[in-house]
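Q: Could we go through the side-chain contacts and the helix packing in this model? Please set out the terms as you go.

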Amino acid sequence: MSSFLHSLKPEERRILRKIVKHVHFKYYPKDFMTDFEADKYIAAIAPEAAANLVRLGKDRKIDEV
């Protein structure tokens with residue numbers, strides 16, 4: 001996994017996982033929507049994109065849904 005993934009705070013990682021599961025894994029089977037698979041997807045995107053998703057998730061309060 002990417003080194004920036006380990007630098008994320010637990011709250012940021014939780015937000016990213018939730019966004020990835022709801023948006024990017026929307027049409028995948030429920031068995032595929034694991035934290036491990038979400039982490040693999042997060043590691044594959046650029047750190048800047050992950051930072052933008054975290055900011056978007058915090059602004060829209062995705063963690064409270």
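A: A residue counts as buried under 20% relative accessible area, as exposed over 50%, and as partly exposed in between, with a 1.4 Å probe and protein chains only. The model is predicted, so local features need pLDDT of at least 70 and side-chain atom pairs count only at pLDDT 80 or more, while totals for chains, interfaces and linings use all residues. Residues are numbered from 1 along each chain as its sequence is written, and side-chain values use heavy atoms, with hydrogens and water left out.

Q: Is E37 buried or exposed?
A: E37 is buried, since its relative accessible area is 18%.

Q: Which residue forms a salt bridge with E37?
A: The partner is K40, and the closest N and O atoms are 3.4 Å apart. A salt bridge here is a side-chain nitrogen of Lys or Arg within 4 Å of a carboxyl oxygen of Asp or Glu. K40 counts as partly exposed because its relative accessibility is 40%.

Q: How many residues apart are E37 and K40 in helix α3?
A: They are three residues apart in helix α3, so about one helical turn separates them. Helices (H or I, at least four residues) and strands (E, at least two) are DSSP runs, numbered from the N terminus.

Q: How many salt bridges does a search of the whole structure find?
A: The search finds five salt bridges. One of them joins the side chains of K58 and E12, at 4.0 Å from N to O. K58 lies in helix α4 (residues 47–59) and E12 in helix α2 (residues 10–24), so this pair ties together parts that are 46 residues apart in sequence.

Q: What is the relative accessible area of K58, and what is that of E12?
A: K58 has 38% and is therefore partly exposed, whereas E12 has 15% and is buried.

Q: Which residue forms a salt bridge with D35?
A: D35 pairs with R17, with the closest N and O atoms 3.6 Å apart. D35 lies in helix α3 (residues 35–44) and R17 in helix α2, so the bridge ties together parts that are 18 residues apart in sequence. D35 is partly exposed, with a relative accessible area of 35%.

Q: At what angle do α2 and α3 pack?
A: The angle is about 95°, and the axes are 9 Å apart. Axes are lines fitted to C-alpha atoms, for helices over the stretch in contact, and angles run from 0 to 180 degrees between N-to-C directions. The two helices, α2 and α3, are therefore roughly perpendicular to each other; that label covers 65 to 115 degrees, with under 35 roughly parallel, over 145 roughly antiparallel and the rest oblique.

Q: Which residues make the contact?
A: From α2 they are R13, L16, R17, V20, K21 and H24, and from α3 they are D35, A38, D39, Y41 and I42. Contact means heavy atoms within 4.5 Å.

Q: Changing topic, how many aromatic pairs are there?
A: The count is four aromatic pairs. Rings of Phe, Tyr and Trp (its six-membered ring) pair if their centres lie within 6.5 Å; planes under 30 degrees apart count as stacked, over 60 as edge-to-face and the rest as tilted. The rings of F25 and F32 have centres 5.1 Å apart and planes at 65°, so that pair is edge-to-face. Y28 and F32 form a stacked pair, with 4.7 Å from centre to centre and 20° between the planes.

Q: Which residues form the aromatic cluster?
A: F25, Y28, F32 and Y41 form one aromatic cluster. F25 is buried at 4% relative accessibility, F32 is partly exposed at 29%, and Y28 is partly exposed with a relative accessible area of 42%.
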